[in-house]
2 protein chains.
Amino acid sequence: MTIDMPRLKAAERREQLLAVATKLFAKWGATATTTAAIADAAGVTEPILYRHFRSKQDLFVAITRRMSEETVTTWKRLIDNIPDPDQKIRTIAREFPQHSARLADAYHVIHGALATSRDRKILSVIREHYTQMHAFFYNVIKEGQALGQFRSDMDPSLPAWEIIYMGIGCTMISLNLSDMSAFTIADAIECILSSLRPPDAKK
Amino acid sequence: MTIDMPRLKAAERREQLLAVATKLFAKWGATATTTAAIADAAGVTEPILYRHFRSKQDLFVAITRRMSEETVTTWKRLIDNIPDPDQKIRTIAREFPQHSARLADAYHVIHGALATSRDRKILSVIREHYTQMHAFFYNVIKEGQALGQFRSDMDPSLPAWEIIYMGIGCTMISLNLSDMSAFTIADAIECILSSLRPPDAKK
């Protein structure tokens, strides 16, 4: 059913199509969602949808890139005035439940595609996403090592991956089996921070 | 296309249907896979499929329960002769890449459903699965506390969840974006073990 909607400017239409696609992908999965269903839910014809996105893949790529950008921007703003690298990581972790609840649909889409998609283009944009997440934490950990707050005999790549692994697992459980675990990513991440402390540091 | 296949005994037919459904769910997602497609791929009619499984949900439940059982059985056998709780956890972690590669299809199915399904019955059997995984690690950690190997001022529930979070995240990345991270769950899990050491323990 196509309902009458006021005509939107190109940029607004693009945003609306992205929002509608994110909701449908999250609800039915990207495989089960057709571009016809997306156009229909957005109140436009398929040719109009194709003016903005050539394919379902293109929509997925745009959703994922948007999410990466929004995540990095939010985190940079959050830690802007925090000098301590371990406090930076804790602040991001404490704010993460709100962040992931706000972006819950996009997380369903990305985690669902990561778990099930075999499409090269889809997997390659997911790879891009985690490369950015990894670089973000890698840099914070490097900074902590330079300041002597973190032990320097550890490849920062490992704790950066630990944070990502923990973040994916915690988000999968808390978004989809809410109330199953009483622990948040802020609780869980303390073991990574404790492993980063120099051997001679007090507690 | 239904091809002629030798008639199987009920138990063998059930196994075959489970194996076929796991493959199709992993490849196309549970939502996109019809019972007709499963029957077809197994070379039987839908009424024969329904004699064994009343619905797609029932197949999913059986796949997940099988995976929980197989995981717990494998792990118990692996650590049977290992006295140290931290070595038990390390041994399971070191063997995990083979374990998850062997059960890769089932992992795709469960992680895909966890990320995307809103079906109560599906989510409830996934909850059962993680409850068993959690109980398993909870008991190993409790044992380590009783032996004085792990600090006793920590709720064992937290590190048990940390292991699960880390396991989900690491498996999602390594099964689907292979070669992206050089680190395995055995590397990543060391930070959890280090946080379990009593404060006065050496190294």
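Colleague: How much area do chain A and chain B bury between them?

Modeller: Keep in mind that this is a predicted model. Buried area is what two parts lose on being put together. Here, chain A and chain B bury about 3,800 Å² between them, with 71% of it on carbon and sulfur atoms. On the chain A side, A:Tyr165, A:Met180 and A:Phe183 lose the most area to chain B, together 18% of what that side buries.

Colleague: And how many residues does the contact take from each chain?

Modeller: It's 41 residues from chain A and 41 residues from chain B.

Colleague: How many salt bridges does the rule find across the interface?

Modeller: For a salt bridge, you look for a side-chain nitrogen of Lys or Arg within 4 Å of a carboxyl oxygen of Asp or Glu. The rule finds two across the interface of chain A and chain B. B:Arg127 forms a salt bridge with A:Asp179, and their closest N and O atoms are 3.2 Å apart.

Colleague: Which helix of chain A gives the most to the side that touches chain B?

Modeller: That's helix 8 of chain A, with 12 residues. By class, the side of chain A that touches chain B has 22 nonpolar, 13 polar and six charged residues.

Colleague: Why does the span of helix 7 of chain A agree with its 27 residues?

Modeller: At 1.5 Å a residue, helix 7 of chain A should span 39 Å, and its end C-alpha atoms are 38 Å apart, so the two agree. At its start, a side-chain oxygen of A:Asp119 comes within 2.9 Å of the backbone nitrogen of A:Lys121. Just after helix 7, A:Gly148 takes a positive phi of about 80°.

Note on methods
Residues numbered from 1 in each chain as written. Chains lettered and ligands numbered in written order. Predicted model: local features only at pLDDT ≥ 70, side-chain atom pairs only at ≥ 80, totals over all residues. Heavy atoms only, no water. Contact = heavy atoms within 4.5 Å. Buried area = accessible area lost by both parts, 1.4 Å probe. Helix = DSSP H or I, 4+ residues; strand = E, 2+ residues; numbered from the N terminus. Nonpolar A, V, L, I, M, F, W, Y, C, P; charged D, E, K, R; others polar. Expected span 1.5 Å × (residues − 1). Polar contact = N/O pair within 3.5 Å; in protein donor to acceptor, adjacent residues only side chain to side chain.
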